[in-house]
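Here are my notes on the model, as asked.

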Amino acid sequence: MPFKRHLSQTIKLSTPLIISQITVVAMTFVDTVMAGRLGSVTLAAVAVGSSLWATAILFVFGILMAIPPVISEMDGANKRHKIAPFFRQAMWLAFILGLFFTGAILVMDPLFALFNTQAEVIPEAEAYLHALAWGVMPLSFFVTFRYLADGLSVTKTTMYVSFLGLLLNIPLNYILMFGKLGLPQLGAQGCGYATAIVLWVQMIAYVIITHKHKVMGSLHIFSHLAKPDWNEIWRFFRLGFPVGMSMFAEVGFFSVITLLASSLDTDTVAAHQIALNFSSLLFMVPLGLSMGITIRVGNAVGRNNPIDIKNAGFYGVGMVLFTQLFSATITVLFASQIVGLYIDDAAVATIAVSLLFYAAVFQLSDGIQVASAGALRGIKDMNFIMFSNLFSFWLLGFAASWYLCFERGMGAEGLWIGIIVGLTAAAVLNTLRFKAKTQAKMVPPGS
């Protein structure tokens, strides 16, 4: 049966991706928990600092996210000889993006004052962000190699490299944040340095894997150093730019919500970070499935099979809806225990438990919007995702968050209701778009 085939293949492909994503966010979970042990100010500093970091770096993620559908389509069409030349130019783009965003992160300090971040939080947040800047370049290359593997359906490699990062992150955090082995206690700044070191190690590991792996090694990516082909780099940038903007719109929305929360009080910022961090951990399941959906749809496009294109997309969305119902239930039933993992401050815990209720509600729309966006990326409908996210998150979600928080005086709860509004709008628009694009008998490549 088509359903069973798509179900088994998507699960097989996505499971390592899900584990990889959970491992990546587990690093943030570790950062949050360890920062919480140093007090609400350090936790708040990590929260607002990481929000700006995520906004910048996920624009890089988004642009480079054009790699998997292109490579999976080449692979599906038996045009593997085109992969290495394409990927070498992708590495040049990763280098350019790494340079640009390293500089961008170093000049973000004025944004803290712009959003009225609590004065005691700003110095630690700035130190954390400056330390993280050392990790931008390796992260750009790590993501590039990871997307090569994903596009070739070699998804276990990322899982292993992500586990390596998590194993290194815990002791590095402990040493640098708490001042062990004769080093000074660096707090949030130590957390930033630990993350940067982990990213360098992960990049080096992926270079070795790409060279040695049976499938990726057969492409001979490193056989020679190609000169930058500016026309090809520009073409690739134009292909990935809508994805980058869509990621920027979504993650930037969450980051601005965090910055708005930072103007309320330190306890609220810490509670917001706890609820958002746990939600992000749960979100890795639909995100991993979404990546699998992109590869499955892209491969079907390469095989010119419109039925598989449609089924790979909609069966994937159905799978994500099931996982999100489970996640929402867990969040509601165990809210107090979840918050207890992060912090033992009663004031922070009370706020965080109330926010987790809203986090449970948006699990459904968040999962559907990312799954349907994954299907749209598979048919390279990048522009629509960009416009959908800009409209949903900024014209609807941000407006609702601002109005409910500040005009109606609902505080953090108003911010989270606005998040639900934005995610729901994106879920509806993306799903309807994929349905419309697959109504025809044929979905041409690059549509």
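**Notes on cavities and a serine**

1. The structure holds two cavities of 30 Å³ or more. A cavity is a set of points, on a 1 Å grid over the protein atoms alone, where a 1.4 Å probe fits but cannot get out. A volume is the space filled by probe spheres set on the points, which are joined across faces, edges and corners.

2. This is a predicted model: local features need pLDDT of at least 70 and side-chain atom pairs pLDDT 80 or more, while totals for chains, interfaces and linings use all residues. Residues are numbered from 1 along each chain as its sequence is written, and side-chain values use heavy atoms, without hydrogens and water.

3. The second largest cavity has a volume of about 80 Å³. Its lining (residues with an atom within 4 Å of a point) consists of Met65, Pro68, Pro69, Tyr147, Asp150, Met291, Thr294, Ile295 and Arg377.

4. Which helix gives the largest share of that lining? H12 does, with three residues. Helices H3 (67-76), H7 (136-151) and H12 (266-302) each supply at least two. Helices here are DSSP runs (H or I, at least four residues), numbered from the N terminus.

5. By class, the lining of the second largest cavity has six nonpolar residues, one polar and two charged.

6. Ser388 sits in helix H16 (residues 382-407). Ser388 counts as buried because its relative accessibility is 3% (buried means under 20% relative accessible area, 1.4 Å probe, protein chains only).

7. Leaving out residues up to four places away in sequence, Ser388 touches Ala426, Leu429 and Asn430 (contact: heavy atoms within 4.5 Å). The side chains of Ser388 and Asn430 also make a polar contact at 3.0 Å. That term means a pair of N or O atoms within 3.5 Å; within protein, one must be able to donate a hydrogen and the other to accept it, and residues adjacent in sequence count only if both atoms are side-chain atoms.

Definitions and conventions. Buried < 20%, exposed > 50% of the residue type's maximum accessible area, 1.4 Å probe, protein only. 1 Å grid on protein atoms, 1.4 Å probe; cavity = no way out; pocket = protein on both sides within 12 Å on 5 of 7 lines; lining within 4 Å. Nonpolar A, V, L, I, M, F, W, Y, C, P; charged D, E, K, R; others polar.
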